[in-house]
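Please consult the sequence and the coordinates below while reading.

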Amino acid sequence: MNDCIFCKIANGEIPSKIVYEDDRIIAFEDMNPQAPTHILVIPKKHIAHIDELETKDNELIGYIYEKIGDLSRELGLKEGFRVVLNNKSHGGQTVNHVHFHLLGGRSLQWPPG
């Protein structure tokens, strides 16, 4: 997707503070952190919304969650963390590219907002 900011980050067109990258996903620091640790984990494949996932994407989403677990350990989030996925405008999604927020480093309250 040519105008997607997350695709541009994944393609190296926009600089970001990358904490993990491989051929399928990229994880980088959120520019507007909501917790001491706030990492965005995205698939390099452009998928605008979670309700557009297809059966062939199941392995990719499982892989993302596996890597989020790895990142949580690497980042020292042993006391816990939250994973958030917003979907479409009423769900709070501001970039139309599926992305997972990994939040931690402090006690996270409920409800979130």
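In which strand is Thr 37 found? The model under discussion is a predicted one, and in it Thr 37 belongs to strand β3, which covers residues 37–43.

Leaving aside residues up to four places away in sequence, Thr 37 touches Leu 75, Leu 77, Leu 102, Leu 103 and Gly 104.

The rest of β3 is also covered, since seven of its seven residues are buried. In a regular strand, side chains alternate between the two faces of the sheet.

## Strand pairing

Strands β1 (residues 18–21) and β2 (residues 25–29) run antiparallel and are joined by three bridges. Three residues lie between β1 and β2, and the two strands form a hairpin. Within this pairing, Ile 18 has Phe 28 of β2 as its bridge partner.

Phe 28 also stands opposite Leu 40 in β3. The pairing of β2 with β3 is antiparallel and consists of five bridges. Five bridges likewise join β3 to β5, again in an antiparallel arrangement, and here the bridge partner of Ile 39 is Leu 102 in β5.

## Helix α2

Just after α2, Gly 76 adopts a positive phi of about 75°.

The buried residues of α2 are Leu 60, Ile 61, Tyr 63, Ile 64, Lys 67, Ile 68, Gly 69, Leu 71 and Ser 72. The elements that cover them include β1, β2, β3, β4 (81–84) and β5 (100–104).

## Nonpolar cores

Which members of the largest nonpolar core touch the most other members? The core has 15 residues, and those with the most such contacts are Ile 25, Val 41, Ile 64, Ile 68, Phe 100 and Leu 102. At least two residues of this core come from each of β2, β3, α2 and β5. The largest contribution is that of α2, with six residues. Apart from this core lies another, of 10 residues, among them Cys 4, Ala 10, Leu 40 and Val 95.

Beyond residues up to four places away in sequence, Ile 25 touches Tyr 20, Val 41, Ile 42, Pro 43, Lys 44, Leu 60, Tyr 63, Ile 64 and Lys 67. Of these, Leu 60, Tyr 63, Ile 64 and Lys 67 are among the buried residues of α2.

## The largest pocket

The largest pocket holds about 620 Å³ of space. Its lining consists of 29 residues, of which Asp 30, Asn 32, Gln 34, His 38 and His 101 lie nearest the centre. Two or more lining residues are given by each of α1 (5–10), β2, β3, β4 and β5.

## Loops and local backbone features

Glu 52 is placed in the loop between β3 and α2. Its relative accessibility is 42%, so Glu 52 counts as partly exposed. Although Glu 52 and Val 98 are 46 residues apart in sequence, their C-alpha atoms are 9.5 Å apart in space.

Lys 88 is found in the loop between β4 and β5. Its phi is near 65°, a positive value in a residue other than glycine. With 35% relative accessibility, Lys 88 counts as partly exposed. In the segment after β5 lies Pro 111, and the peptide bond from Trp 110 to Pro 111 is cis, with omega near 0°.

Key:
Residues are numbered from 1 along each chain as its sequence is written. This is a predicted model: local features need pLDDT of at least 70, side-chain atom pairs count only at pLDDT 80 or more; totals for chains, interfaces and linings use all residues. Side-chain values use heavy atoms; hydrogens and water are left out. Two strands pair if DSSP finds at least two bridges between them. Helices (H or I, at least four residues) and strands (E, at least two) are DSSP runs, numbered from the N terminus. Contact means heavy atoms within 4.5 Å. Buried means under 20% relative accessible area, exposed over 50%, partly exposed in between (1.4 Å probe, protein chains only). A nonpolar core is a set of buried Ala, Val, Leu, Ile, Met, Phe, Trp, Tyr and Cys residues joined through side-chain atoms within 4.5 Å. On a 1 Å grid over the protein atoms alone, a cavity is a set of points where a 1.4 Å probe fits but cannot get out, and a pocket is an open set with protein on both sides within 12 Å along at least five of seven lines; lining residues have an atom within 4 Å of a point. Grid points are joined across faces, edges and corners, and a volume is the space filled by probe spheres set on the points.
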